[in-house]
Amino acid sequence: MRPVCVACRLKGGLAPLTLTCVEEERNDDVRAGILQCDACGSRYPILDGLPVLVPDLSRYLSDNLFYLTMRRDLSPAVADLLAEATGPGAGLDAIRQHVSSYGWDHWADRDPAEAGAEQVEPGQAARIMAHLLDGIPASLPPGPLLDLGCGAGRTVAELAEHTDQLVLGLDLSVPLARVAQDAVVGGQVAYDRRRGGLHFERRAFDVPAHPRCDIWIADALALPFVDASFALVTAINLLDCVADPSQALAEFGRVLMPDGACALATPFDWSGAATPLANWLGGRAAQSAHKGRPEQALDALLSDGAQAAGSLRRSRPTEEAEWQIRLHDRSSMRYLTHLSWSANALVDVAT
Ligand SMILES: [Zn+2]
């Protein structure tokens, strides 16, 4: 993949990035280096093999410096003590809780140490990706696949097992991108699994490595790619986590090849922290647009008409799927996630 500058991208430009500095390489993979924009001079770091391609780099680095620079080899007992000393909900505990839920959701069905007596069926992310893949056309154009909001990376691995093309996973969460990178590229899953409260247990096991995959840190609203780069774009439980879902859909359509496909799953679990109220799809009073129904609001964005968000058009009927996320031994959250499939409208015009 040849990334473009996301700072230029937000201003409507598509300027290539050049690798101007390589400090560490492993098996043709740049582990540490710098990408620079030929047009505006913006520089983006590659850190532990993860390119950080976000539009407001200073702000992102300030907000995430702890996650980007924290050591990851803390032994279980020392990690427990640090988490207790710094307190529940603080940096270390917050990361462990987050990674526990998504590490489990994505990989626990591949963990030989799992006893199988859990309240939640593990491997939910893989199940939903399989459901989405059931609905895409049998023949996609040759080209790479893009998984947005890839979390702990299982969905990237599932895509890799369905294609011989490159698969790229993008996320903005540093701790999850690191788990994804280690699992998908390195073939090793490691995370602390929450039993309850501040009680965690270390999980570490091998999974198949996928050399044709990579994980980047990037923003779904400013994708670092030229137009028409991907044959398939997938996003599970992402659309309600971005600041502007309509802009995100337009961006998905932009990077999709003319005869490519897009498959989305979203539980419409809105929060003001992630998405300003004005940009929610539904989730508001019955007197508001689409009677507050998020499914109808999404359908309008994926249909011909004034509200269409870019070039994506719904290609088949929507479906619903259950998705449960494990919080600890005795707690989980259950969602109904809305599945929708779309194609690039340019194809409909041509055919
Ligand atoms: Zn630039």
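Analyst: Burial is read from relative accessible area, where buried means under 20%, exposed over 50% and partly exposed in between, with a 1.4 Å probe and protein chains only. Here L249 has a relative accessible area of 0%, so L249 is buried. This is a predicted model, in which local features need pLDDT of at least 70 and side-chain atom pairs count only at pLDDT 80 or more, while totals for chains, interfaces and linings use all residues. Residues are numbered from 1 along each chain as its sequence is written, and side-chain values use heavy atoms, with hydrogens and water left out.

User: Which residues does L249 touch, not counting residues up to four places away in sequence?

Analyst: A contact means heavy atoms within 4.5 Å. By that criterion L249 touches L239, L264, L298, L301, L302, A309 and L312, not counting residues up to four places away in sequence.

User: What are the protein donors of the zinc ion, and how is their arrangement classed?

Analyst: Donors are N, O and S atoms within 2.8 Å of the metal (3.2 Å for Na, K and Ca), and since water is not among the atoms, sites may look incomplete. Four donors count as tetrahedral if all angles lie between 85 and 135 degrees. The SG atoms of C5, C8, C37 and C40 are the protein donors, lying 2.3 Å from the zinc ion, and the arrangement is tetrahedral because the 4 donor atoms subtend angles of 107 to 113°. Along the chain, these donors follow the spacing C-x2-C-x28-C-x2-C.

User: Are C5 and C8 buried or exposed?

Analyst: C5 counts as buried because its relative accessibility is 0%, and C8 likewise counts as buried, at 12% relative accessibility.

Key. Tetrahedral: all angles 85-135°; square planar, octahedral: opposite > 155°, others 65-115°.
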